[in-house]
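Here are my notes for your next look at the model, as numbered points. Have the viewer open while you read.

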Amino acid sequence: MKYRLACLFVFAVTPALAVDPTGIPECDALLKRYEACSSQLSRKQVHAAQKELLDGALGMRAVANDPAKRADLARYCTDTFEQMKKASDIKDCMSKP
């Protein structure tokens with residue numbers, strides 16, 4: 001029983017997401033970096049960032065299936081990534097090569 005509680009505590013304190021790829025390299029790079037960097041946010045911000053990450057990934061995957069919208073989505077992801085590198089609470093982490 002103690003082992004189960006310890007495991008539950010570890011999973012609750014250090015959530016891992018592993019966002020599924022969108023199939024668009026620009027978006028996958030954004031999501032991967034955002035997932036990696038979100039752990040640097042405050043505890044309160046981490047949960048909001050992870051929800052945003054999961055919701056965003058879900059929406060991106062839905063749009064990525066529409067050939068007419070793929071180019072716009074790729075551009076959106078590139079622009080968002082660049083903005084996060086310049087003006088976000090995790091800009092230093094987002095800017096890493």
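1. Start at Ser 88: a polar atom of its side chain lies 2.7 Å from the backbone oxygen of Met 84. The side chain of Ser 88 also reaches the backbone nitrogen of Lys 91, at 3.2 Å. A polar contact here is a pair of N or O atoms within 3.5 Å; within protein, one must be able to donate a hydrogen and the other to accept it, and residues adjacent in sequence count only if both atoms are side-chain atoms. Ser 88 itself lies in the loop between helix 4 and helix 5 (91-94).

2. Some ground rules before going on. This is a predicted model, where local features need pLDDT of at least 70 and side-chain atom pairs count only at pLDDT 80 or more, while totals for chains, interfaces and linings use all residues. Residues are numbered from 1 along each chain as its sequence is written, and side-chain values use heavy atoms, with hydrogens and water left out.

3. Of the 97 residues in the protein chain, 28% are buried. Buried means under 20% relative accessible area, exposed over 50%, and partly exposed in between (1.4 Å probe, protein chains only).

4. Now helix 4, residues 70-86. Its 17 residues reach 25 Å from the first C-alpha to the last, close to the 24 Å expected at 1.5 Å a residue; the expected span is 1.5 Å times one less than the number of residues. Leu 73, Ala 74, Cys 77, Thr 80, Phe 81 and Met 84 are the buried residues of helix 4. They cover an arc of only 130 degrees around the axis, which puts them on the same side of helix 4; the arc is that of the directions from the helix axis to the C-beta atoms. The face turned away from that buried side carries the exposed residues Gln 83 and Lys 86.

5. What does Lys 85 do with its charged end? The charged end of Lys 85 sits over the ring of Phe 81, 4.5 Å from its centre. The rule asks for NZ of Lys or CZ of Arg within 6 Å of the ring centre and within 35 degrees of the ring normal. Lys 85 also forms a salt bridge with Glu 82, with the closest N and O atoms 3.2 Å apart. A salt bridge is a side-chain nitrogen of Lys or Arg within 4 Å of a carboxyl oxygen of Asp or Glu. Lys 85 and Glu 82 are about one helical turn from each other because they are three residues apart in helix 4. Lys 85 is partly exposed at 26% relative accessible area, and Glu 82 is partly exposed at 34%.

6. The structure holds four salt bridges, and two others are worth a click. Asp 72 and Arg 75 meet at 2.4 Å, N to O; these two are three residues apart in helix 4, so about one helical turn separates them. Asp 72 is partly exposed at 45%, as is Arg 75 at 47%. Lys 51 and Asp 55 meet at 2.7 Å, and they are four residues apart in helix 3 (residues 43-64), again about one helical turn. Lys 51 counts as exposed at 52%, whereas Asp 55 is partly exposed at 41%.

7. Helix 3 has 22 residues that should span 32 Å, and its end C-alpha atoms are 31 Å apart, which agrees. Buried in helix 3 are Val 46, Ala 49, Gln 50, Leu 53, Ala 57, Met 60 and Ala 64. They cover an arc of only 105 degrees around the axis, which puts them on the same side of helix 3. On the other side, Lys 44, Lys 51, Glu 52, Leu 58 and Ala 62 are exposed.

8. Finally, two buried loop residues. Thr 22, in the loop between helix 1 (2-13) and helix 2 (25-37), is buried at 9%. The C-alpha atoms of Thr 22 and Gly 59 are separated by 9.4 Å, though 37 residues apart along the chain. Ser 38 lies in the loop between helix 2 and helix 3 and is buried at 3%; its side chain reaches the backbone oxygen of Glu 35 at 3.1 Å.
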